[in-house]
Amino acid sequence: MTPVPSTQRSLPTLPTTVVGSYPVPEWMERLKTDYYRGRMSHAQLDDLHEMAIKAALRDQELAGIDIVSDGELRRDNDIDYFLARMPGIEIDETAKGYYFDYYDPRLTAPLPAPDGLAPIGLADDFAFTASQTTGPIKFSFTGPFSLAHRVRNEAYPDHRELVLALARALNAEAHALAERGAELLQIDEPFLAGYPDQVATAVEAINVVVEGVDVNWALHVCYGNRYARPLWEGHYDFLFPAVLDAHVDQLVLEFARKGYQDLPVVAKFGWDRGIGLGVVDVKSSEVETPELIATRIRSALELVPADRLMINPDCGLRNVSGAVARAKLAAMVHGTRTVRAELAAREPIAVPPQATSHDPDTPHDSASAAAPASAPADRTAVSQGV
């Protein structure tokens, strides 16, 4: 497993984070759509994105989130931002009727070798986010398996070769991100649940993406979240045993909407790394209470130790309103802090060693001198109420 990044070593038990996307206000949707209809310059769009990212970071910080995200607010959806910037991908029509629509990309020749280039520009995106916050950052990007399912492949004899070619391009981006200081990177594979028979190919490609990039890696797998609706249903057993070979440090999974019956499945197959525990249903505008969040975390702690859990929503928050997102994050932080306090109360209380010699030359401080000569043997147990 990759060593814990320096910015995470000071994190509390059960650190809170987000999965990636953040709500796009209606006014921003209108302006982004105006851009794709030729009514706004690219410079104006950049200003819009930067303003929105600053606001999203502020919302997360005010809620008390430990590891923040840029909200993926530069991206129109989970696919186009990446493919439109990737050399070799052809997009005949770049105008859109609505910014959230997908392009129709195609590939007619093999993708050029990256040769160390990172043309998508993810490192620049990360650098801007890092300039706006002093806390740890999670930076996410869509994985090669999901990207490949939105490309008309006219270049490779089979789908696997396309997936691996996209993985090599993303590996170059990951190297650039690490060089700019990124320490926690997350690969999102929202399409994987729809193709359970292809998990081995997805894992092979994930290992290409992470190769040689010494950061903490997370893999997010959900059941789809376009327009707040799942694209598929099922259970996470389809990931195993193939995902055990993925060179990632954490699985970020959807539980709040579906229930926690999949946690025993994950434990049964021997996943011994981190779990990003989904405790907030992003497909509902009902705000969970802190008590419900705390109950969900306590249930997970019966199967997964606290030092392997990170607390997050099920998926991105794009499809709820800003007010609902803020309320859900605040409840998530509050509930998590409740469980943290409970865990801290169970920690043994350290009893300072006392001098065993009454020799006047034995060094001792005033506190130890004031202590009784012989403390009860069960003092530590008494202090813990056991």
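The buried residues of helix α7 pack against β2 (138-142), α5 (144-148), α6 (159-179), β4 (184-188) and β5 (216-221). Here buried means under 20% relative accessible area, with a 1.4 Å probe and protein chains only. Helices are DSSP runs of H or I with at least four residues, and strands are runs of E with at least two, numbered from the N terminus.

This is a predicted model, in which local features need pLDDT of at least 70, side-chain atom pairs count only at pLDDT 80 or more, and totals for chains, interfaces and linings use all residues. Residues are numbered from 1 along each chain as its sequence is written, and side-chain values use heavy atoms, leaving out hydrogens and water.

Look first at α7 itself. Of its 12 residues, 10 are buried. Among them are Val199, Ala202, Ile206 and Asn207. At 1.5 Å a residue, α7 (residues 199-210) should span 16 Å. That expected span is 1.5 Å times one less than the number of residues. The end C-alpha atoms of α7 are 17 Å apart, which agrees. Glycine 212 follows the helix, with a positive phi near 75°.

Now move to strand β4, where glutamine 186 sits. Glutamine 186 is buried, at 0% relative accessible area. Its side chain makes a polar contact of 2.7 Å with the side chain of aspartate 188. Beyond four places in sequence, glutamine 186 touches residues including Val19, Phe139, His220 and Val252. Such a contact means heavy atoms within 4.5 Å.

Last, confidence. pLDDT is the predictor's confidence in each residue, from 0 to 100. The protein chain has a mean of 89, and 88% of its residues reach 70 or more. Over residues 355-386, pLDDT stays under 50.

Methods
Buried < 20%, exposed > 50% of the residue type's maximum accessible area, 1.4 Å probe, protein only. Polar contact = N/O pair within 3.5 Å; in protein donor to acceptor, adjacent residues only side chain to side chain.
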